[in-house]
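Here is a short report on one protein model. Look at the sequence and the structure first, then read on.

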Amino acid sequence: MGEILFLTHRVPWPPNRGDKIRSHHFLQRLMDCAPVHVACFAEDEAEAQTGWARKAELASCEIVLRTKARWAGGIEAIFSGQPVSLTCFASAAIRAYVADVIATRPIDCIFIFSGQMAQYIPVVFDGCVVMDFGDVDSAKFESYAKEGTGPMAWINRREGRLLRTFEKDVAERADHSLFVSEAEAGLFRQRSGLAGDRVKAVGNGIDLEFYGATDVQPEGLEQSGPMILFTGQMDYQPMFRRCTASARRSCRQSSHVFRTRALPSPAGRRPRRSGSLTAGMARL
């Protein structure tokens, strides 16, 4: 086997948030199989400089600081006819790095994590292409458009329409398209018309041993009884909605449900408590 080019929208270490956990484990498994070259973006200088014990094992690594403002990406998208999701992650440095690695190294496989990075797949490449979409992003923006009003509804409708076409084109180019669940994979098969052998679900899984510590107890809740804790980026609408729906179902079980968030929820809600549902920050 030759070498692998791994493209991802965020530095895939440390595995401290949902998307980085998934990309991190994919990367580690690929590194056990062959030399891997990584190209990715960093949200800030601190992330770009974050160390990782296995970084020295990479064949090469290109980390580009993402400095383009979202409004600038939006203007670029309007004039170019592209989705904002692509223009916000467009980079001459990443494109040049990919071209150089393909030209100078025996790359047999390109693994792309997140749809924004599929724009860097070379037009001419004879090796295997694996595209991990994670979720069907176009469907997400379509749902935002249906629920929204005014300019944002138009923006999200446009994004959903353009991304749907882009996702289908990418999947037709790729040898395998991966999604986080069978539900997402099934939705994409329906929308793209691609056969099941090319669109597959690869779940994240849960490390029950790692997360099953029995000596961890939230402060002040020692006698609270059964408890369910949701964690995640609660400014991300799908995460917020899934958490809220699950919490409401859990309330029927008389369990204490806590939602923790690193950022405010989409509606800017303040922490609140209603019956057995507590939304806000639980101190651990």
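## About the model

This is a predicted model: local features need pLDDT of at least 70, side-chain atom pairs count only at pLDDT 80 or more, and totals for chains, interfaces and linings use all residues. Residues are numbered from 1 along each chain as its sequence is written, and side-chain values use heavy atoms, with hydrogens and water left out.

## Nonpolar cores

A nonpolar core is a set of buried Ala, Val, Leu, Ile, Met, Phe, Trp, Tyr and Cys residues joined through side-chain atoms within 4.5 Å. Buried means under 20% relative accessible area, exposed means over 50%, and partly exposed is in between (1.4 Å probe, protein chains only).

The largest nonpolar core has 39 residues. Leu5, Leu7, Ile94, Ile112 and Phe188 touch the most other members. A second, separate core has 21 residues, including Ile4, Val11, Trp52 and Leu58.

Take leucine 5 and set aside its neighbours within four places in sequence. Its contacts (heavy atoms within 4.5 Å) include His37, Tyr97, Cys109 and Phe111.

## Aromatic rings

Rings of Phe, Tyr and Trp (its six-membered ring) pair if their centres lie within 6.5 Å; planes under 30 degrees apart count as stacked, over 60 as edge-to-face and the rest as tilted. The count comes to eight aromatic pairs. Phenylalanine 6 and phenylalanine 111 are stacked, because their ring centres are 5.4 Å apart and their planes are at 10 degrees. Phenylalanine 6 lies in strand S1 (residues 3–8) and phenylalanine 111 in strand S4 (residues 107–113), so the pair ties together parts 105 residues apart in sequence. Helices (H or I, at least four residues) and strands (E, at least two) are DSSP runs, numbered from the N terminus. Both phenylalanine 6 and phenylalanine 111 are buried.

Phenylalanine 41 and phenylalanine 89 form an edge-to-face pair, 5.5 Å centre to centre with 85 degrees between the planes. Phenylalanine 41 is in strand S2 (residues 36–42), while phenylalanine 89 is in the loop between H4 and helix H5 (92–104). Both of these phenylalanines are buried.

Which residues of helix H3 (residues 70–80) are buried? They include Gly73, Gly74 and Ala77. These cover an arc of only 105 degrees around the axis, so they are on the same side of H3. The arc is that of the directions from the helix axis to the C-beta atoms. On the other side of H3, Trp71 and Phe79 are exposed. Cover for the buried residues includes helix H4 (84–87) and helix H7 (150–173). After H3 comes glycine 81, with a positive phi near 75 degrees.

Aspartate 137 is found in helix H6 (residues 137–147). Aspartate 137 is buried, with a relative accessible area of 18%. Not counting residues up to four places away in sequence, aspartate 137 touches Leu163 and Glu167.

## Cysteines

A disulfide here is a pair of cysteine sulfur atoms within 2.5 Å. How many does the rule find? The count is zero. For cysteine 40, the nearest cysteine sulfur is that of cysteine 61, 5.2 Å away. Cysteine 40 is buried, at 0% relative accessible area. For cysteine 109, the nearest is the sulfur of cysteine 128, 4.5 Å away. Cysteine 109 also counts as buried, at 11% relative accessibility.
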